[in-house]
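Subject: Structure handover

Hello,

Here is the structure I said I would pass on to you. Please open it and keep it in view while you read the notes below.

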Amino acid sequence: MADRNQLVKAVTSYADDFLNGLPGRKAYEASGYGAEEADAALVPEESGTDIHALLEFLGQRVDGPGLNPASGGHLGYIPGGGLPAAALGDYLAAVTNRYAGVFFAGPGAVRMENAMVHWAGGLVGYEKGFGGSLASGGSMANLTAIATARNAMGIKGRQLEQSVVYSSQQAHHSVPKALRLTGLGECVLRQVPLDDRFRMDPAALRQQVQADKEAGLHPFLVVANAGSTDTGAVDPLGSIADIAAEQGLWLHVDAAYGGFFLLTGHGRRIMQGIHRADSVVLDPHKGLFLPYGTGMVLVKDINHLLRANRYEANYMQDAREQSLEHSPAELSPELSKHFRGLRMWLPLKLHGLAPFRACLEEKLWLARYFRLRAQAMGFETGPDPELSVTYFRFVPHGGDADAFNQTLLQGVQRDGRIFLSSTVLNGKFVLRFAALAFRTHRHEVEVLLDVLRSLLKAQGMEIQERAPTA
Ligand SMILES: *Cc1c(COP(=O)(O)O)cnc(C)c1O
């Protein structure tokens with residue numbers, strides 16, 4: 001007991017120091033990987049080690065080097081969260097080790113997870129008869145959705161080479177990965193052309209599907225984006241749903257990044273039609289600011305999810321007979337699983353939804369604000385952002401613009417207060433600004449603008465900053 005209190009004290013004091021120290025910490029720390037010999041400390045030994053020594057190791061070797069996702073300065077890729085209340089939920093889930101796989105074993109835990117799924121399904125606009133589960137992330141959720149689509153559409157091995165899947169160049173790489181893992185990599189994979197804002201062109205989709213049918217192929221699945229990772233593009237979901245209905249395709253919407261913007265009025269407008277998707281993926285560890293390890297898959301007709309995932313095993317017979325609710329184990333590929341519902345339920349109930357909405361609204365504004373300020377500084381920018389990702393590049397007079405922006409990115413990472421990542425759009429190297437960390441506020445945007453300003457000056461660029469124009 002005394003020992004346990006000491007342990008808890010040491011750990012919470014480490015966590016407090018970490019959180020209190022965040023404002024002074026970098027978003028990216030390039031150094032500190034250290035010498036390999038120090039990693040001997042990673043290997044378990046016969047006798048135990050003092051907690052303080054272990055925490056010191058953690059601080060230096062794990063929580064120091066690399067990207068700091070807890071930082072408000074994390075504006076790269078799609079930032080994750082890490083709400084402290086979610087960590088406390090995890091602590092309790094691990095201490096009690098409630099089993100959330102099967103209703104019979106953990107009725108309260110399963111009800112909690114199902115309630116999270118039902119709440120998110122309501123947000124998407126699903127009504128009765130849908131189902132889903134909490135996965136470890138968007139990639140596993142996409143995999144579950146695509147396996148379910150294959151099963152529901154009855155795609156047999158011998159038909160693979162005639163079956164057609166439609167997505168776009170903006171699809172997250174977890175989509176082709178899931179296609180490969182489900183055996184669908186052998187299908188005909190079509191990349192539907194995009195409009196000038198990187199959104200799928202519905203007319204081109206319809207044309208391609210018709211042409212494929214005329215050629216004797218079997219179109220069965222279209223994967224659309226509600227917030228692409230690269231540019232934040234939201235495909236025209238309503239028009240794509242029309243085509244899916246008319247052509248008999250399964251519509252999967254990858255809303256891993258964008259989905260929880262449905263908590264905002266803007267998000268609901270831009271994602272109109274999402275409720276018509278046969279399956280949707282959301283990432284609570286992105287848009288709900290939870291720690292890594294929480295994705296979600298929703299399927300409009302729960303029976304498809306059940307058919308793809310239900311199992312029969314003799315040793316599970318007791319569980320089968322006492323089920324009042326569906327269990328995550330029959331709705332997902334997992335059996336013994338992390339009780340993810342608690343890390344989601346606790347912060348949502350504790351804080352209420354209002355601060356989540358406000359935080360998401362703020363991220364939408366930050367992306368718009370950054371774009372205008374970057375424009376005023378002379379950067380070439382993308383269009384008015386649809387969500388909270390926007391891209392930009394500096395085009396110097398003469399010289400290689402790609403190389404120039406690469407140098408700029410290295411400069412930002414070397415400074416380390418802000419972390420940005422890059423991508424390639426239409427063959428051009430561009431920098432990305434992605435606001436989704438709950439600790440990102442206007443202050444971080446100003447720091448980024450300062451960093452960019454001094455890097456441009458150091459490169460000998462003359463900047464005449466205009467007042468931003470809306
Ligand atoms: C992040 C992301 C994924 C993958 O999700 P993980 O949680 O990283 O596995 C899939 N699709 C989109 C659009 C994403 O932004």
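The largest cavity holds about 90 Å³ of space. Please keep in mind that this is a predicted model. The structure has 1 cavity of 30 Å³ or more. Rolling a probe the size of a water molecule over the atoms shows where empty space is left.

To find the largest cavity on screen, select the residues that line it: R197, F198, T231, A233, P383, D384, P385, E386, V389, T390 and Y391. By class, 6 of the lining residues are nonpolar, 2 are polar and 3 are charged. Domain 2 (92–351) and domain 3 (354–458) each supply at least three residues to the lining of the largest cavity.

F198 sits in the loop between β5 (188–191) and α7 (202–214). Most residues other than glycine have a negative phi, and most peptide bonds are trans. F198 is not a glycine, yet its phi is positive, at about 65 degrees. Is F198 buried or exposed? The relative accessible area of F198 is 6%, and buried means under 20%, so F198 is buried.

N426 also has a positive phi, of about 50 degrees, without being a glycine. N426 is found in the loop between β12 and β13 (428–434). Its relative accessible area is 69%; the cut-off for exposed is over 50%, so N426 is exposed.

The largest pocket has about 910 Å³ of space. It is lined by 30 residues, and those closest to its centre are A15, F18, L19, G82 and A87. Two or more lining residues come from each of α1 (2–20), α2 (51–62), β2 (66–67) and α3 (84–96). Which of these elements gives the most to the lining? That is α1, with 9 residues. The lining of the largest pocket is made up of 20 nonpolar, 7 polar and 3 charged residues.

The second largest pocket has about 500 Å³ of space. There are 28 residues in its lining, and I78, H172, H173, T229 and K286 lie nearest its centre. The elements giving two or more residues to this lining are α5 (138–152), α10 (284–287) and β12 (421–425). By class, the lining of the second largest pocket has 6 nonpolar, 17 polar and 5 charged residues. At least three residues of this lining come from each of domain 2 (92–351) and domain 3 (354–458).

Last, a helix to check by hand. Helix α16 (residues 401–415) has 15 residues, and at 1.5 Å a residue it should span 21 Å. The C-alpha atoms at its ends are 21 Å apart, so the two values agree. The buried residues in α16 include A401, F404, N405, L408, L409, G411 and V412. Where do these residues lie around the axis of α16? They cover an arc of only 155 degrees, which means that they are on the same side of α16. An α-helix has 3.6 residues a turn, so residues three or four places apart point the same way.

Those are the notes.

Regards

Technical notes:
Residues are numbered from 1 along each chain as its sequence is written. This is a predicted model: local features need pLDDT of at least 70, side-chain atom pairs count only at pLDDT 80 or more; totals for chains, interfaces and linings use all residues. Side-chain values use heavy atoms; hydrogens and water are left out. On a 1 Å grid over the protein atoms alone, a cavity is a set of points where a 1.4 Å probe fits but cannot get out, and a pocket is an open set with protein on both sides within 12 Å along at least five of seven lines; lining residues have an atom within 4 Å of a point. Grid points are joined across faces, edges and corners, and a volume is the space filled by probe spheres set on the points. Helices (H or I, at least four residues) and strands (E, at least two) are DSSP runs, numbered from the N terminus. Ala, Val, Leu, Ile, Met, Phe, Trp, Tyr, Cys and Pro count as nonpolar, Asp, Glu, Lys and Arg as charged, and the others, Gly among them, as polar. Domain bounds come from an automatic or database domain assignment. The expected span of a helix is 1.5 Å times one less than its number of residues. Buried means under 20% relative accessible area, exposed over 50%, partly exposed in between (1.4 Å probe, protein chains only). The arc is that of the directions from the helix axis to the C-beta atoms.
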